Amino acid sequence: MIDTLRLTAEEAKRLLEAREISGAELFAAYAERDDDLNAYLHRCDDPGGDGIPLAVKDVIGTKGIPTTAGSRILENYVPVYDATVIANAKQHGLRILGKTNTDEFAMGSSTENSAYGPTHNPWDLSRVPGGSGGGSAAAVSGGLAPWALGSDTGGSIKQPAALCGHVGLRPTYGTVSRFGVVAFASSLDQVGPVAKNVRDCAYLYSIISGRDANDSTTVEVPKVELPNADSLAGLRIGVPKEMNGAEGIEIGVTDAVNRAISLAESLGASVEECSLPRSVDYGVACYYLVAPAEASSNLARYDGVRYGLRVDGDDFREMVMRTRDAGFGDEPKRRIMIGTYALSSGYYDAYYATAQKVRTVIKREHDALFERFDVLVSPTSPTVAFPIGAKVHDPLAMYLNDLLTIPSCMAGLPGLSIPCGLSEGLPVGLQLIGPQFGENTLFRAAHALEQAIDFDPVPERLR
Amino acid sequence: MSWQPVIGLEIHVQLKTETKMFCRCRNGFGGGPNTQTCPVCLAFPGSLPVPNRRAIEETIKLGLALDCTIADRAVFHRKNYFYPDNPKAYQISQYDEPLCSNGKLAVPTAEGEQTIGITRAHLEEDAAKNVHVAASGRLHGATATLVDFNRAGTPLVEIVTEPDIHDAETAKRFLQLLRQTVVELGLSDAELEKGSMRFDVNVSVRPEGSDELRTRTELKNMNSFNFAAKGIEREIARQVRIYEEGGVVEQETLHFDPTQEDSPPMRSKEEAQDYRYFPEPDLVPVHPPEDVVERMREQIGELPGARIRRIADTLSFYDADVLVTGGLDLLWSAVVDAGADPKEAANVLANQFVATGIAPEDVDAAELAKLVAARAEIPRSAFDEALTHAGDPGFTAAPYLGQKVVADASELDPVIERIIEANPGQAEQYRGGKQGLLGFFVGQVMKETGGKADPRVVNERVRAKLG
Amino acid sequence: MTRITRDEVLHVARLARLELTDDEVAKFQEQLSDILEAVSKVSELDLADVPPTAHPLEIANAWAEDEPRPCLQLDDVFANAPDRDDDHFRTPPA
C-alpha cells in the first residue's frame with residue numbers, strides 16, 4: 001500500500017495528517033522491507049508516535065542505539081547521549097529506522113571500507129552506492145527510508161547521492177552541529193540531509209540546522225525557504241571549466257550534465273563559463289593533507305581505555321598499540337599515518353601549514369566567482385557507480401572520486417547534488433555549489449531544475 | 001672559577017572557576033571518582049569543547065597583574081600524546097599565540113628589587129588523575145593503572161619565566177610572591193599539597209660573567225617552596241661539581257618524591273616528544289574585547305610586590321615583607337591610620353597578633369590601635385589577654401587600658417629580694433656565671449605580681465640585686 | 001620524488017600507536033609514498049603572502065558562561081568501559 005520507493009517525506013506527512021495511514025503502518029513499511037543492500041548496520045523498533053521515519057548514518061551518535069562508525073574499534077559502542085542533530089530530529093517527532101552503513105570513520109568514496117561489508121547500489125547490486133555515506137544513500141534510493149541523515153567531509157553526501165540518483169546537501173560549514181557526531185576532520189565535517197527530492201532535503205535541513213551551544217563552530221542560520229518556483233529567471237550560473245573539463249570524467253556524465261545545463265538556460269538562467277584556476281588542480285592534494293591531519297588527532301582517543309575495543313597488553317602502551325592495530329582498517333590507518341606525518345616535527349611547514357594556505361587560495365577563488373554568479377555547476381562525480389572491488393586496491397584512484405566535490409568543501413561552501421539523467425542505465429548527479437549561507441538559492445535553483453528534468457528516482461530494476 | 005646558576009620556572013595554577021575549562025562539569029574537589037564527568041571531559045566520540053568565558057577572563061587578569069601584553073588574537077592548539085590521563089590523546093592548550101606574553105614580576109628583596117621576566121601565561125586544561133596500583137587476581141602483570149577523570153578538564157594557567165633567576169632563594173621568593181598574587185586576585189587557592197599550584201624548575205649553571213646557556217635539567221614534583229630551594233641548591237652544586245671535574249651535564253629530568261625531601265631524585269632521560277601542535281579546529285580564536293581587558297585591569301588593585309615596596313619606605317624591608325606576605329598589611333595600614341605608631345603596630349602584628357591565629361579581617365583596627373598605643377603602660381598579661389579577644393565582635397580596648405603596670409622600683413624591690421632569698425641555689429649559679437638564669441628570676445617576679453610588673457624595670461632591679 | 005622510508009613509516013606508526021606487522025609496514029610504505037607524492041603538489045604554489053585558513057567561518061569568541069550542568073551518572077560513565085574497577089577505569093600499567 002505504501003510505496004516506499006516513491007513516497008517523499010512531505011507526502012508521508014500529508015498522508016499522516018489526513019489519517020490515510022497510521023504512524024505504525026508507515027514505520028512498518030520501511031522496517032519490514034528486506035535489506036538486501038546491506039544498507040543498515042542496525043535496525044530499530046518503532047518507538048511509537050507518528051513522526052516521519054528517518055535513517056541515520058552510523059557516525060552520528062544515537063543514545064541507546066549502537067553507533068559503530070563502520071569500524072571494529074566501536075563494534076559494541078552504545079552512546080549515552082544523542083547528537084544534537086538527533087535531539088533536533090526527535091523534537092520534530094522523527095523516528096529512527098536504524099543506523100546505516102558507512103566507510104570506516106567516514107573515510108572513503110564507496111562504502112567498501114566499512115568493517116561490516118560493502119553496501120550495494122540499488123540500481124545495480126554489483127556496484128557501489130558511493131561513500132562514505134553509501135548506507136543512507138542506498139536506503140533512500142532503495143525504499144528503505146524516506147530520507148536520511150548523512151555526513152559530508154569531502155563529498156560523502158553528495159557523491160553517493162549522484163551514484164544512487166537522489167538529492168543530497170552538504171550544508172555551509174557551521175550551519176549544522178557536529179556535537180555527538182564521530183569526528184573525522186573537524187574543520188570539514190558537516191551533517192546533512194539525504195532525500196528523494198529538493199523540498200524534502202530543504203525541510204530536513206531546516207530541522208537539523210542552527211547554532212548549537214555545544215558546538216563552538218556553529219552559527220545562526222538564515223530561515224530556510226521551501227522552494228516552489230519553476231523558473232530560473234535571473235539566476236546566474238557559472239560553469240567552472242576546470243571542473244567540467246577535468247580528466248577522468250566519463251562521456252556519459254558530461255553529456256547528462258550538459259543537457260541539464262541547457263535545460264537551466266531554457267528555464268531562464270544565464271550560463272557562463274568561468275574558471276577556478278587552482279582549486280580543482282590542488283584541491284585533492286590539499287584535502288588529503290588537511291583531513292588526515294585532523295583525523296589523526298581525532299582518532300587518537302580510540303585507545304581502549306573508556307569505550308570501544310580493547311586488546312590486552314602487558315602495559316598501557318602495548319595495549320593501545322594492539323587495540324588500534326586490531327580495531328582500525330587499512331584506510332583509517334593510512335590516513336592516520338599520512339596525517340601524523342604531515343603534522344610531525346620537520347614536516348609541519350611543508351605539508352600541513354602549506355595545505356592550510358592552499359585552502360585560503362581555494363576559498364578566495366570561489367569567493368571571487370560568487371561576486372558574479374549565484375551558483376556554480378558541475379558533475380558531482382567523474383563517473384557513475386563503479387563495480388564493487390574495482391578501485392579498492394588503489395587508494396589514489398579512490399581519492400579521485402572526490403575531485404569535483406572536494407574544492408567547495410575546502411572553502412566551507414554548501415553543495416547540493418540532484419540527479420540529472422542516466423548514463424549506461426546508472427544515475428548521473430549534477431552538483432550545484434552556492435556561496436556561504438546560500439542554501440536557499442541552491443534549493444530554489446535545484447527545485448526548478450529538478451521539476452524540469454523529471455528524473456525517476458526509483459531504480460529501474462525495482463520499478 | 002665562579003659559577004652563576006641560571007634558573008627558569010614553569011608554574012601551573014588551577015583556576016577555581018565553578019566549571020571546567022571546556023565543559024560545564026563542576027570544577028574542584030568533592031565528589032567520588034568519576035562523578036564529575038561528562039561526554040566532553042571523558043572524550044566520548046562526538047564530544048566537542050566549549051571554552052569557559054570566566055577562565056579566559058581570569059587568565060587575562062593574571063596576565064595583566066604580571067604586566068604582560070594581552071594578545072589581540074589568541075588561539076588554542078592541540079598538544080598530541082597518548083597517556084591514560086589524557087582522554088582525547090591530545091590536550092587543548094596554547095602554542096605560539098598565547099593569551100598573555102612578555103611580562104615581568106618584580107621580586108622585592110632586602111638588597112633591592114629583582115625583576116624576573118615572564119615569557120608567557122597561557123590557558124589549557126588539566127589531565128585526569130592516574131593511580132598506579134597492584135592489581136589483585138589478574139594473571140598478567142602485578143600492577144594496573146586506575147584513572148579518575150574528575151580532574152580532567154580543570155582550567156589551568158601555565159606561566160613560564162625567563163631564565164632570569166640566579167639563586168635558589170630568589171626562586172623561592174618568586175614562587176611565594178606569585179602564589180600570593182594569584183590567591184589575592186581570587187583566581188586559585190594555589191595549594192601545593194592539593195596540587196592547585198604546581199611548578200617545575202629548569203636549572204643550569206654557567207661561568208660567572210658569561211651569557212651562554214648551558215644544558216639544563218628539569219626538576220619536578222617538589223611540593224613545597226622550601227623543598228624547592230633545597231632541591232635547586234643541591235642541583236646547582238651537583239652541576240658545578242661536574243663542570244669542575246671536567247665533565248658534561250646531561251639533559252635529564254629529576255623526579256623528586258614529594259614525600260621524601262631528602263631522597264635523591266630519580267633521573268630519566270625523556271625522549272623528546274613530538275607533540276605535533278596544530279590549531280584546535282573545534283575552537284575559534286579569542287579576540288579579547290577591550291572592555292573586558294579594562295574591566296580585568298580595574299579589578300587588580302595594589303599587588304603584594306608593590307605593597308612591600310611601598311611599606312618598606314616606612315618600615316624596614318623585613319617588616320614590610322613579613323606583614324605583606326603574612327596577609328597583615330591591610331590591617332596594619334588601618335591601625336596606623338587610626339593613630340598607632342607604624343613600627344610598634346608592625347611589631348605587634350608580626351609577632352603577638354600572628355600567634356593568636358585571629359583572622360585580620362575580624363579585627364576593629366581603631367580598637368587595636370588603642371591597644372598598641374597603650375602597650376608600654378599596661379601589664380603584659382592585660383595586653384596579651386586583650387589581644388586574644390581582638391577578633392571578637394564589638395571588641396573594645398577600654399576595659400584593658402585601665403590596668404597600670406607597676407614600674408616603681410620601691411614597690412618591686414621587696415618582691416625581688418624575697419624571691420632571691422627563696423632561691424639561693426639559682427642565685428649562686430647566676431653569680432657563678434649562668435647569666436641565663438636571669439630569666440628565671442624575672443619570670444618568678446612576674447608571676448608574683450600577677451603579670452603587672454614592668455618587665456624592663458624588673459630586669460634592671462633583679463640584675464642590680466643579684467650583683 | 002617524495003618517497004617515505006621504512007624508518008619513517010615505523011616512526012609515524014609509533015607516534016600514532018599502531019602496531020604494524022612487517023607486511024603492513026611494506027604495504028603502507030608503498031601506498032603512503034604514492035599518496036605523499038600526490039599531496040606534495042601543494043608546495044608547487046607560490047604562497048608567499050597567503051595566510052592559512054584554520055576555519056572556513058571567520059568567527060571568534062565562542063564561549064559559555066561558568067554555570068554548572070549536571071554530570072553523568074556512573075552507570076553512563078562506565079556503560080562502554082572495557083575494564084571497570086569499582087569507580088575507576090582500569091588499564092594495564094602506564
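Helix α11(A) packs against helix α1 (residues 6-15) of chain C at an angle of about 95 degrees, and their axes lie 9 Å apart. The axes are lines fitted to C-alpha atoms, for helices over the stretch in contact, and angles run from 0 to 180 degrees between N-to-C directions. The two helices α11(A) and α1(C) are therefore roughly perpendicular to each other, a label for angles of 65 to 115 degrees. Helices, here and below, are DSSP runs of H or I with at least four residues, strands are runs of E with at least two, and both are numbered from the N terminus.

The model is predicted: local features need pLDDT of at least 70, side-chain atom pairs count only at pLDDT 80 or more, and totals for chains, interfaces and linings use all residues. Residues are numbered from 1 along each chain as its sequence is written, while chains are lettered from A and ligands numbered from 1 in the order in which they are written.

In this helix pair, M337(A), T340(A) and Y341(A) of α11(A) meet V12(C), A13(C) and L15(C) of α1(C). Contact requires C-beta atoms, placed from the backbone, within 7 Å. By class, this contact has 5 nonpolar residues, 1 polar residue and no charged ones. Ala, Val, Leu, Ile, Met, Phe, Trp, Tyr, Cys and Pro count as nonpolar, Asp, Glu, Lys and Arg as charged, and the others, Gly among them, as polar.

Across the interface between these chains, 57 residues of chain A are in contact with 44 residues of chain C. On the chain A side, the elements giving two or more residues are α9 (279-298), α10 (316-327), α11 (330-343), α12 (349-369) and α13 (395-399). The largest share, 11 residues, comes from α12(A). This side of chain A has 29 nonpolar, 14 polar and 14 charged residues.

Chain C itself has 3 helices and 2 strands, in the order α-α-α-β-β from the N terminus on. Its radius of gyration is 22 Å, well over the 12 Å that the globule rule gives for 94 residues, so chain C is more spread out than a compact globule. The radius is taken over C-alpha atoms, and the rule is 2.2 Å times the number of residues to the power 0.38. The C-alpha trace of chain C spans about 55 × 45 × 20 Å along its principal axes.

Chain B contains an open sheet of 3 strands in the order β4-β3-β14, with antiparallel pairing. Pairing requires at least two DSSP bridges between two strands. Strand β3 (residues 77-80) of chain B is joined to β14(B) by 2 bridges, and H77(B) has P279(B) in β14(B) as its bridge partner.

Methods: Two residues are in contact if their C-beta atoms, placed from the backbone, lie within 7 Å. Angles under 35 degrees count as roughly parallel, over 145 as roughly antiparallel, 65 to 115 as roughly perpendicular and the rest as oblique.
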